[in-house]
Amino acid sequence: MEKTDLVLGIDTSCYTTSAALMDGTGALLFDERRLLRVKEGRRGLSQSEMVFQHMRALPDLLERIDLTQGRLSAIVASERPRPLKESYMPAFLVGWGMARSLSHFMDVPLIAATHQHNHMFAGLWGLRRRPPARCLLVHVSGGTTDLLLAERSANGEIILTPCGTSIDLHAGQMIDRVGVALGLPFPCGPQLEKLAQEAVRPYPLKVWFEEGCMSLSGPATAALRAIEKGEKGSEIALGTLHAIAKGLYHTISHLCAVHKLTEVLFVGGVSANLYIRKELRTHLSGKGIALLTADPICSTDGAIGNAWLGVLKERGNAHDLR
């Protein structure tokens, strides 16, 4: 693949419209994301609202891309959230539909990806790492708390097998529920992390975990009650992050022991949280487990991973990140 060969990545997730362009070396030439608008005080959007906003935003992003630098050789878009047949979400159809049309009219190969693979390859691009032969992929966001066994098949494809999760609330949902109750703007991750930095100690929140599963509804409810009682907001914010880190640590530790894994790739919006990263890295290192995290820009929703996946597939070595 030549430097002048370009790959376009597209991703329309629940709260972000994204497009990215890379050349044949993996250099990032374009990376634009537009957050979907959520009204003040609300904790999310309906799928119809997501689709409407994506339909308006995606053409604007694509029209900003300069293709005079080379020849478009592939388009990669997230077709669905997870690599499962039953995985479906209307928001992703906006990006996938646009990609199909562009592929047809421009006579450019189209590659179907999943949002989960997009996050994985974004993290690997940020780390300049090859996909390990086997590792634990921990994908944590507002709509996902998935722990997956990632294994490289004989043809270089990355197979993701679910092996752990949160049985009720996702980590990002807990952060947003607590954050909105504290008066923070949605999505609340960055502001909750900032508020938590003011705390001397975390507000104590108990987390249930067993083998590869954890539950966050209990600590979320306890945090909301603490807010109603007038407990210190910064301590509740830190307690929320601490509870999530604790639950993740125990589930990750268990799954790494069961599957004999020594590397964990941490991706998704929640993985950008520096406090959670630090807690996990500190405690997992004591068990000989390496936590791999990329720059936060590669953790939050975007299309970098899809573009990079396309570059590797066009090279014919999706498992080789040299």
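In strand E10, Ser215 is the bridge partner of Trp208. The model is predicted, with local features requiring pLDDT of at least 70 and side-chain atom pairs counted only at pLDDT 80 or more, whereas totals for chains, interfaces and linings use all residues. Residues are numbered from 1 along each chain as its sequence is written, and side-chain values use heavy atoms, with hydrogens and water left out. Strands E9 and E10 (residues 213–215) pair in the antiparallel sense over 3 bridges; pairing requires at least two bridges found by DSSP. Helices (H or I, at least four residues) and strands (E, at least two) are DSSP runs, numbered from the N terminus.

This pair belongs to an open sheet of 7 strands with mixed pairing, in the order E9-E10-E8-E7-E6-E11-E12. Strands E9 (208–210) and E12 (290–292) are at the edges, each with a single partner strand, so one side of each lacks a neighbour in the sheet. From one strand to the next, the twist averages 25 degrees. Helix H8 (residues 274–285) packs on the sheet, touching strand E11 (263–267) and E12, and its direction makes about 155 degrees with that of E12. Axes are lines fitted to C-alpha atoms, for helices over the stretch in contact, and angles run from 0 to 180 degrees between N-to-C directions.

Ala223 lies in helix H6 (residues 217–229) and counts as buried because its relative accessibility is 0%; buried means under 20% relative accessible area, exposed over 50%, and partly exposed in between (1.4 Å probe, protein chains only). Leaving aside neighbours within four places in sequence, Ala223 is in contact (heavy atoms within 4.5 Å) with Val178, Leu205, Ile236 and Thr240.
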